[in-house]
Amino acid sequence: MEVKSIRFCAISPESDKLVEFLGLGLGLPCIAKPLKDNDPESPQGGVFPAGDSWIEIWPEGEGMPQGVMLQVIVDDANEYAEHAKANGIQIKGPMQANGECIYFALAPGGLALTIQSPLDPE
């Protein structure tokens, strides 16, 4: 079992201010992109890469409610999910999206968490 990277995702009505804070304010490199492909009018968000990890900031909208999520990218999500279940953590899933196998959990304090791995490992 190996953790490959960590992603932090925030969906907020303050997304523009968060992108400006992290990008211009702190000087983190940012890839700004529209929420919907090929739609320049779509609300903008930002992705701040750091090696294999990154921060995502998006505006809230249909299918994207306000909140934060920690995404743990691992070598085998099925194996991690079984380990978590064996240790009493309530896990939902799996589901497949964007080429990944994804499990969901709610951490203490209400933090949404996913355990994810590529469907076709390298």
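Colleague: How many residues apart are Glu82 and Lys85 in helix H2?

Modeller: Helices are DSSP runs of H or I with at least four residues, strands are E runs of at least two, and both are numbered from the N terminus. Because Glu82 and Lys85 lie three residues apart in helix H2 (residues 77–86), about one helical turn separates them. Their side chains meet in a salt bridge at 3.8 Å, N to O, the term meaning a side-chain nitrogen of Lys or Arg within 4 Å of a carboxyl oxygen of Asp or Glu. This is a predicted model, in which local features need pLDDT of at least 70 and side-chain atom pairs pLDDT 80 or more, while totals for chains, interfaces and linings use all residues. Residues are numbered from 1 along each chain as its sequence is written, and side-chain values use heavy atoms, without hydrogens and water.

Colleague: Are Arg7 and Glu100 buried or exposed?

Modeller: Buried means under 20% relative accessible area, exposed over 50%, and partly exposed in between (1.4 Å probe, protein chains only). Both Arg7 and Glu100 are buried, and their side chains form a salt bridge at 3.0 Å, N to O. This pair links distant parts of the chain, with Arg7 in strand E1 (residues 3–11) and Glu100 in strand E7, 93 residues apart. By contrast, Glu82 is partly exposed at 47% relative accessibility, and Lys85 is partly exposed at 38%.

Colleague: How many salt bridges are there by this rule?

Modeller: The count comes to four, including one between Lys4 and Glu2 at 3.4 Å, N to O.
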